[in-house]
2 protein chains.
Amino acid sequence: MSTTAGSEQLLARPRRADARRNYEKVLSAAREAFLEGGEATSLEEIARRAGVGIGTLYRHFPNRQALLEALYAGEVEELSRSAAELDGKDPWDALSLWFERFIAYLATKRALADELMNYMDKDAPLFVACRASMFAAGEPLLKRAQEEGAVRPDVEFAEILQMVMGIGKVPTADPAQTEHMLRIALDGLRYRPQN
Amino acid sequence: MSTTAGSEQLLARPRRADARRNYEKVLSAAREAFLEGGEATSLEEIARRAGVGIGTLYRHFPNRQALLEALYAGEVEELSRSAAELDGKDPWDALSLWFERFIAYLATKRALADELMNYMDKDAPLFVACRASMFAAGEPLLKRAQEEGAVRPDVEFAEILQMVMGIGKVPTADPAQTEHMLRIALDGLRYRPQN
DNA sequence: AACGATACGGAGGGGTCCTCCGTTTGTCAA
DNA sequence: TTGACAAACGGAGGACCCCTCCGTATCGTT
């Protein structure tokens, strides 16, 4: 899967054949488990699903956060890559479309996003790399929209990203609600104080 | 304290003198502890601070969430009450000022807010009452601003509240960052698609 | 085939939430 | 004042969780 290919460059993967196998097993068991069971799934449960001892899980991922980060790495790269497709479009449309995708991504991975927010300010190398990847993908979209005058100049990519993440994290019954909140907030990017 | 007065009407308080005393002791110990130690403070620690057995704590608050809700009740009422002072002001200023206060409130009680977001959709009676209180305070401000034409008509109070909560929950190094995000999002309320 | 080095697995330490129940204490009627 | 009972207290301990440690098994190489 391409999601794991992404983290290969960032994480020193284990060497022996069985180790590599188990690494993958744990990772995909974790992916499944978080999708189904929500954020509270225990590592013991994940190890059990992967058919692996708890000790093995911890050999590959020194703690809970490390496992989440490894999952995160692959998914984020995929999202970042999707910005490339938006090059031709109208600057504003491209920007807001990309953020919509971002929100959709957060929606499916809410459990992940929840835990990750807590570590947002941490500087784990893998995390820094992911942030960089997001910036590389999204910042040009913003710059382009600003240069065209579609977005006010007094906003920075970092804060918009955080704002969107915050909105994406709000639990709603209907995804349309989240999307509406996003639209309102993004319209704030277009607002001009003195008109 | 007025903060506890609020929850008196919503929670059936214990009857015996020592019980009432201990109830207060636990509540204020919890307030302190969450302020200092962050969200992860254990209930055992709170009981210890209150000079009370863990069993007693659980007698008054059947689980962790219940304790948080009880804390929440008082604080929210205080915030809601502060909307009354904004009656005279310009509709737009009143609305955005109130949300700014809301954000400031969330900032000091982040630990609380964090846990509470998880239960946002739950219908615990005390929670419903708190939401009602917030609506009573904030919705008129929005309506007034919409009638004056300062805010677009296609937004509802509930979603704005959620949006603001989402933004407030984002951890930032500098409060000014959060405030800027809020300003951008609120400017979205004033944006008009066809100009 | 044999021998490191590498990786596995699960018992168990320390922590948390919460329950259960024997003991203590407040309250009220006599 | 006293006695009795409901109400409340407190902490041991069960269930669960994260994580560590180390004896055992397996891989890869010679």
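Let's start at the DNA. The residues of the surface near DNA strand D split into nine nonpolar, seven polar and eight charged. Some terms first. Near a strand means that the C-beta atom, placed from the backbone, lies within 6 Å of it. Ala, Val, Leu, Ile, Met, Phe, Trp, Tyr, Cys and Pro count as nonpolar; Asp, Glu, Lys and Arg count as charged; the others, Gly among them, count as polar.

A word on the model. It is a predicted one: local features need pLDDT of at least 70, side-chain atom pairs count only at pLDDT 80 or more, and totals for chains, interfaces and linings use all residues. Residues are numbered from 1 along each chain as its sequence is written, while chains are lettered from A and ligands numbered from 1 in the order in which they are written.

Which residues come nearest? Of the 24 residues around it, they are Ala17(A), Ser42(A), Asn22(B), Gly53(B) and Gly55(B). Both chains take part: α2, α3 (43–50) and α4 of chain A, and α2 and α4 of chain B, each supply at least two residues. Helix α4(B) gives the most, with four residues. Helices here are DSSP runs of H or I, at least four residues long, and strands are runs of E, at least two, numbered from the N terminus.

Of the 24 residues around DNA strand C, Asn22(A), Gly53(A), Gly55(A), Ala17(B) and Ser42(B) come nearest. Two or more residues each come from α2 (17–37) and α4 (54–60) of chain A, and from α2 (17–37), α3 (43–50) and α4 (54–60) of chain B. Here the largest share, four residues, belongs to α4(A).

Take one glycine. Gly55(B) lies in helix α4 of chain B. Is Gly55(B) buried or exposed? Gly55(B) is exposed, because 8 other C-beta atoms lie within 10 Å. The cut-offs: buried is 20 or more other C-beta atoms within 10 Å of the residue's own, exposed is 12 or fewer, and partly exposed is in between, with C-beta atoms placed from the backbone. From the C-alpha of Gly55(B) to that of Glu44(B), eleven residues apart along the chain, is 9.6 Å.

Next, helix α3(B). Its buried residues are Ile46(B), Ala47(B) and Ala50(B). They cover an arc of only 100 degrees around the axis, so they sit on the same side of α3(B). That arc is taken from the directions from the helix axis to the C-beta atoms. These buried residues pack against α2 and α4 of chain B. Just after α3(B), Gly51(B) has a positive phi of about 65 degrees.

Step back to the whole chain. Chain A has ten helices and zero strands. Of its 195 residues, 35% count as buried.

How do the two chains meet? The contact takes 24 residues from chain A and 24 residues from chain B. Contact means C-beta atoms, placed from the backbone, within 7 Å. On the chain A side, α9 (157–169) and α10 (175–190) each supply at least two residues. Helix α10(A) gives the most, ten residues.

Last, the symmetry. Chain A can be laid on chain B with an RMSD of 0.1 Å by a turn of 179 degrees and a shift of 0.0 Å along the axis. That is the relation of a two-fold axis. The superposition is by least squares on C-alpha atoms of residues with pLDDT of at least 70 in both copies. In chain A, the C-alpha nearest the axis belongs to Gly188(A), at 1.7 Å. The same surface serves both copies: 100% of the contact residues of chain A recur in chain B.

Conventions
Contact = placed C-beta atoms within 7 Å.
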